[in-house]
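The sequence and structure come next.

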Amino acid sequence: MALGHEVVGVDESAEMLSYARGRLVEVVETRIEDLRLERRFDVVVLASHLISTSNRAQRQAFWRCCADHVNITGTVIVERYDPVWVRAAAPHRAVDGDVLIELHDVHHGDDTLRAIVTYRVGDREWNQRLRAAALDDAAFLDEARAVDLIFASWLDANHEWASFTQSRSSVAADPVGR
């Protein structure tokens, strides 16, 4: 917003959104797959590996939400887990600044990963359940195409970040002219 861009942060956690409040970010408390804003944006970002969920219906809803909220000339940026990592992830610990991150209770099956990620800062701790699918490039791009998003480019060497644009067919099919 400070540079003239409208920024909307979406999360189902009021606590998470409290960090964005007062920082030139409009906040919307809802699940991303339930988001229905009456406007579109030049850029839509789906970060935090959400698209890697092993719940296919939820993945489709995430893709649809991105497609429904991007301007016709806009860009959708999506982050996914590296499918090689999903298939091979093992328990480990890492430190990022003051945060200790531990992946544990790791279970693999049918191209999926179930695990728990524990974040520790001082004496505070937060656990997150992780259920990820190993979406190879073809499956990842096919899911985007299913909602009329066209692959534009990989944004990193590991193919974890990708950008997409609207397809011409979605433009022609939209009577309101997104």
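## A strand-to-strand salt bridge

Glu 102 has a relative accessibility of 15% and therefore counts as buried, the cut-off for that class being under 20%. The model is a predicted one. Glu 102 forms a salt bridge with Arg 120, with 3.1 Å from N to O.

Arg 120, at 25% relative accessibility, counts as partly exposed. Both residues also take part in a network of salt bridges that links Arg 93, Glu 102, Arg 120 and Glu 125.

## Arg 39 and its two partners

The structure contains 13 salt bridges. One of them joins Arg 39 to Glu 6, where the closest N and O atoms are 2.7 Å apart. Arg 39 sits in the loop between β2 (26-29) and β3 (41-46), and Glu 6 in the segment before β1 (8-11), so this pair ties together parts 33 residues apart in sequence. Relative accessibility is 28% for Arg 39, which counts as partly exposed. Glu 6, at 44%, also counts as partly exposed.

Arg 39 forms a salt bridge with Glu 26 as well, and here the closest N and O atoms are 2.5 Å apart. This pair links distant parts of the chain, with Arg 39 in the loop between β2 and β3 and Glu 26 in strand β2, 13 residues apart. Glu 26 is partly exposed, its relative accessible area being 30%.

## Arg 59 in helix α2

Is Arg 59 buried or exposed? With a relative accessibility of 5%, Arg 59 counts as buried. Its place is in helix α2, which covers residues 56-69. Apart from neighbours within four places in sequence, Arg 59 has contacts with Ile 51, Thr 53, Ser 54, Ala 133, Leu 135 and Glu 143.

## The chain as a whole

The protein chain has 5 helices and 10 strands. Its radius of gyration is 17 Å, close to the 16 Å given by the globule rule for 178 residues, so the chain is as compact as a globular protein of that length. The C-alpha trace spans about 50 × 40 × 30 Å along its principal axes. Of the contacts between residues at least 6 apart in sequence, 47% join residues at least 24 apart.

Buried residues account for 34% of the 178 residues. The accessible surface is about 10,700 Å², and 51% of it belongs to carbon and sulfur atoms. There are 20 positive and 29 negative side chains, and the centres of these two sets lie 3 Å apart.

Definitions and conventions. Residues numbered from 1 in each chain as written. Predicted model: local features only at pLDDT ≥ 70, side-chain atom pairs only at ≥ 80, totals over all residues. Heavy atoms only, no water. Helix = DSSP H or I, 4+ residues; strand = E, 2+ residues; numbered from the N terminus. Buried < 20%, exposed > 50% of the residue type's maximum accessible area, 1.4 Å probe, protein only. Contact = heavy atoms within 4.5 Å. Rg over C-alpha atoms; globule rule 2.2 N^0.38 Å. Areas by Shrake-Rupley, 256 points an atom, 1.4 Å probe, with all protein chains shown as cover. Lys, Arg positive; Asp, Glu negative; His and termini not counted. Charge placed at Lys NZ, Arg CZ, Asp CG, Glu CD. Salt bridge = Lys/Arg side-chain N within 4 Å of Asp/Glu carboxyl O.
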